[in-house]
Amino acid sequence: PPDDLRQWLLSGTGGEATHDLYAIGTQEAGRSIEMSLLMPSKARWEAHLRDALGDDYECFGCQTLAAIHVARFARRSLLPLVSDVRTAYVATGFANTLGNKGGVAVSFQVGRTSFLVVNSHLAAHQHAVKQRNSNYHRIEALLPLRPRGMTAPQVAAGSSGADGSNDDDV
């Protein structure tokens, strides 16, 4: 990534942040997949994002799977309305265990509105359409971040029921 991320993140005419929420999903940001498998921490990358957005924003949820990363930032004044922050990942790489491919996600609520942000890195190349579709379906089926009280089939149908949520707070 460039040293100055403001050109990517900030849309104000004076180079200021103009949105209340930012979702930044990356793959291989700052490190190759191989290096990320050995050293998965994205602390430097998150600090780089924080510096670009400025003091008015705080990271309230992030998730890493090897070289795949998602981070959520909110304007500090909005943070009292943010709740139920949960994160999860699903690996789809070699034998569905290696994190070189897969999806990372952050779910949360702002007031009474639910959000889910997913960043995925799927199988590459034109010939791998079936594998990409399989990767997507695995992530969609196993990602435990459903609205509270709903399972995957119920989300599609719009009815209520028990869930398999990951309750690990960030």
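**Pairing and cover in the sheet**

Author: Y89 has V104 in β5 as its bridge partner. The model is predicted, so local features need pLDDT of at least 70 and side-chain atom pairs pLDDT 80 or more, while totals for chains, interfaces and linings use all residues. Residues are numbered from 1 along each chain as its sequence is written, and side-chain values use heavy atoms, with hydrogens and water left out.

Reader: What makes β4 and β5 a pair?

Author: Two strands (E runs in DSSP of at least two residues, numbered from the N terminus) pair if DSSP finds at least two bridges between them; β4 and β5 have eight, in the antiparallel sense, and therefore meet the definition.

Reader: How do you know that β5 and β6 pair, and in which sense?

Author: Strand β5 (residues 102-110) is joined to β6 over nine bridges in the antiparallel sense, with F108 opposite F115 in β6 and V110 bridged to T113. The two strands form a hairpin with two residues between them, where G111 in the turn has a positive phi of about 65 degrees.

Reader: Why are β4 and β6 called edge strands?

Author: The open sheet has the order β4-β5-β6, and β4 (82-91) and β6 (113-121) each pair on one side only.

Reader: What makes β5 mostly covered?

Author: Buried means under 20% relative accessible area, with exposed over 50% and partly exposed in between (1.4 Å probe, protein chains only); eight of the nine residues of β5 are buried, so the strand counts as mostly covered.

Conventions
Helix = DSSP H or I, 4+ residues; strand = E, 2+ residues; numbered from the N terminus.
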